[in-house]
Amino acid sequence: MLTSPSELSDSFVSRDPDDDSLRLECGVFGIYGMEDASAVTALGLHALQHRGQEACGIASCDGRRFYTERSHGLVSDVFTDADLIKRLQGHASIGHTRYSTAGGSHLRNVQPMFADLDSGGIAIAHNGNLTNFMFLRTKLVAEGAIFQSTSDSEVILHLIARSRSIKIIDRFIDTLRDIEGGYALVAITRKGMIGARDPLGIRPLVIGKLGHAYVLASETCALDMIGAVFVRDVEHGEVVQIDEDGLKSFKPFERKAARPCLFEYVYFARPDSVVNGKSIYEVRKAMGRQLAIEHPADADIVVPVPDSGVPASLGFSEESGLPFELGIIRNHYVGRTFIQPTQNIRDLGVRKKHSPNRVVLEGKKVILIDDSIVRGTTSVKIVRMVRAAGAKEVHLRSASPPILWPDYYGIDMPDRAKLLAAQHSIEEMRQMLECDSLGFLSVDGLYKAMGHDGRNNDQPQYTDHYFTGDYPTRLTDKDIAAEAEASGQQLSLLANTH
C-alpha cells in the first residue's frame, strides 16, 4: 500500500497516546550580510522555538565554504556555546526548528539540508508540507535519484539539481513550478539568500532588516528578538533573491487570491507576532469576544486553559462582563512527557503541566476557554481537574470551530477517525468531556474575528479545510494513496535505522 506523507510521519514519530495538542509545523530563519550571521540565526531560532521542539539546525556560508550543524533538542541546548561562530562561519546563515510532519523525527531529516550542485552549494530550510511529495519522490527514484532522508525537503534539492536552467534563481523557480502544497522556503548559496512562499500564502514568511543585513523569518517575533525592523511580508507566490546588490522580487506564478492558514491565528503563531498584517494577540481576543456572543453561559468566572487560551479568555471576559481569573496554573518546566506505565498514572499526568488554583475555582461556575479541541483526551482531564478543585459547574468553550478534517500542509493532525468533532455530535462530545455545556466558535464567527463579515464561500479568504473540508490545493499524494490501496500496491520506503 502506498504510504501518504501523514502515514509516513506517524510510522516514525512516537507520541504520548494522550497528547492532544496540535504539533506546530516548523520555523525558518535566514540572514544575509551580517558578520557572525550564525549567532544571529541562533537568536532568531530561540524566538521560533514554539514552532518546533524536536530538533534544530543552522547552515552558514562565508562566500566560499558552507558549514552546517543539525541536532535533536532545543535551540538553547544545541546552539549556545561560545564556539558557535567559529564552527559556523560566514555572513549568510539559515536555521530551522522542527517538528516532524512528512519524514519523521530522525537526524537525517533535520534541516537545513545541503547539496553540492554543479553551480555550487546550496542549503535549504523548509516550513510546511508538499502535497505531491511522494509522487515526486517516486518519480525521482525511478529516474535514478538516491535519497538519504524521508523528508520532502530533499525532494526540493533534487529538483533544483535537475533543473536545466543556468542561474540558481531560475532553478529555484523551476522547482517551485513542480511542487504543490503549503510552504515557506529559505535558502543560501555562495552568492546570496533566497526566500519563497507558496502561491496561496498558506505558510507565513516575513522580511526584515538589521542594519544593512536582510532577514527572512516565519514570524515577526523573530525580528523583534534580534532587533530587526519589519519591512513587509513575502507575498503569496513571491520569490525574493537577496545578494550584495540588495533585494529582487520575482512573481512567477499565475496570480491567485491569498489564503493564509487560519490555524496560524488560532494557535500556532506567538501572540506577539503580526501575521499578514494582523496582530495575533488582538485576533485571539476578538475570537473570545465573538465566542461570548455566540455561546454565553450563566457563570461566575472565565478561566483560560494556559497558555494558548489566555487571549481568547480576555476577550470573552470583556464581552461577557465576567471576571477573568487564572484558575489553572501552567508548569513551564515540564520536558517531554515520559511513557507512563498505566492508564491510571497517565490520567494524573495532566497535573505535570496544569495545576488547579483551588482558591479561584472552589464553589464557582466556571467558563473554561481553550483554543481548540482535537481528540478531547486532554480536555476531559482538565474538566475533571477543575471539578475536583471544587468548581460547581464547568462550561467548556473552544475559540475555534470544530476540527472535522485532517491537514496536509504541515500540521501534525490526527486522521479524521480520531478527530472528536468528526465522529460525534455536540451533545455526545459534551457528555464525553463531562462538562455542563459545550460551545465552539462558528466558522463565520472566526471570520468575523479576523475582520470580515463572514466566510466568502465562493472565494474563501483563508485556508480553513480543517473546519470546512475545503482543501485549497490538489492533494496528489492522498489521491494516489487511495488508488494504490484499492489496487494493493506497495511503495518501498527508507527504513528507520537511526
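User: How are helices H5 and H20 oriented to each other, roughly parallel or roughly perpendicular?
Analyst: This is a predicted model, in which local features need pLDDT of at least 70 and side-chain atom pairs count only at pLDDT 80 or more, while totals for chains, interfaces and linings use all residues. Residues are numbered from 1 along each chain as its sequence is written, and side-chain values use heavy atoms, with hydrogens and water left out. The axes of H5 (residues 133-142) and H20 (residues 476-487) cross at roughly 70°, where axes are lines fitted to C-alpha atoms, for helices over the stretch in contact, and angles run from 0 to 180 degrees between N-to-C directions. Angles under 35 degrees count as roughly parallel, over 145 as roughly antiparallel, 65 to 115 as roughly perpendicular and the rest as oblique, and H5 and H20 are therefore roughly perpendicular.

User: Which residues of H20 make the contact with H5?
Analyst: Helices (H or I, at least four residues) and strands (E, at least two) are DSSP runs numbered from the N terminus, and contact means heavy atoms within 4.5 Å. The axes of H5 and H20 come within 6 Å. H5 contributes Phe133, Met134 and Phe135, and H20 contributes Thr476, Asp477 and Ile480.

User: How many of the residues in the contact of H5 with H20 are nonpolar?
Analyst: Ala, Val, Leu, Ile, Met, Phe, Trp, Tyr, Cys and Pro count as nonpolar, Asp, Glu, Lys and Arg as charged, and the others, Gly among them, as polar. On that division the contact of H5 with H20 has one charged residue, one polar, and as nonpolar residues four.

User: How many salt bridges does the whole structure hold?
Analyst: A salt bridge is a side-chain nitrogen of Lys or Arg within 4 Å of a carboxyl oxygen of Asp or Glu. One of them pairs Arg232 with Glu238 at 2.8 Å, N to O. A search of the whole structure gives a total of 24.

User: Is Glu238 buried or exposed?
Analyst: Buried means under 20% relative accessible area, exposed over 50% and partly exposed in between, with a 1.4 Å probe and protein chains only. Its salt-bridge partner Arg232 is partly exposed at 25%. Glu238 has a relative accessibility of 1% and is therefore buried.

User: How many residues apart in sequence are the parts tied together by Glu235 and Lys251?
Analyst: The side chains of Glu235 and Lys251 form a salt bridge of 3.0 Å, N to O. Glu235 is in the loop between strands E11 (229-233) and E12 (239-243), and Lys251 in the loop between strand E13 (246-250) and helix H9 (263-268), so the separation is 16 residues.

User: In which helix do Arg430 and Glu427 lie?
Analyst: Their side chains meet in a salt bridge of 2.9 Å, N to O. Arg430 is partly exposed at 23%, and Glu427 is partly exposed at 39%. The two residues are three apart, about one turn, within helix H17.

User: Which strands are the edge strands of the seven-stranded open sheet?
Analyst: The sheet has antiparallel pairing and the order E3-E2-E4-E1-E10-E9-E11, where two strands pair if DSSP finds at least two bridges between them. Neighbouring strands are turned by 15° against each other on average, direction ignored. The strands that pair on one side only are E3 and E11.

User: Which residue of E10 stands opposite Ile31?
Analyst: Strand E1 (residues 26-32) and strand E10 (residues 213-217) run antiparallel and are joined by four bridges. Opposite Ile31 stands Val215.

User: How many residues of strand E19 are buried?
Analyst: Lys365, Ile367 and Ile369 point one way from E19, and Val366, Leu368 and Asp370 point the other way. Both groups are buried. The count for E19 (residues 365-370) is six of six.

User: What angle does helix H6 make with the direction of E6?
Analyst: The open sheet of six strands has antiparallel pairing and the order E5-E6-E7-E8-E12-E13. Its twist averages 20° from one strand to the next. Helix H6 (residues 152-162) packs on this sheet, touching E5, E6 and E7, and its angle with the direction of E6 is about 135°.
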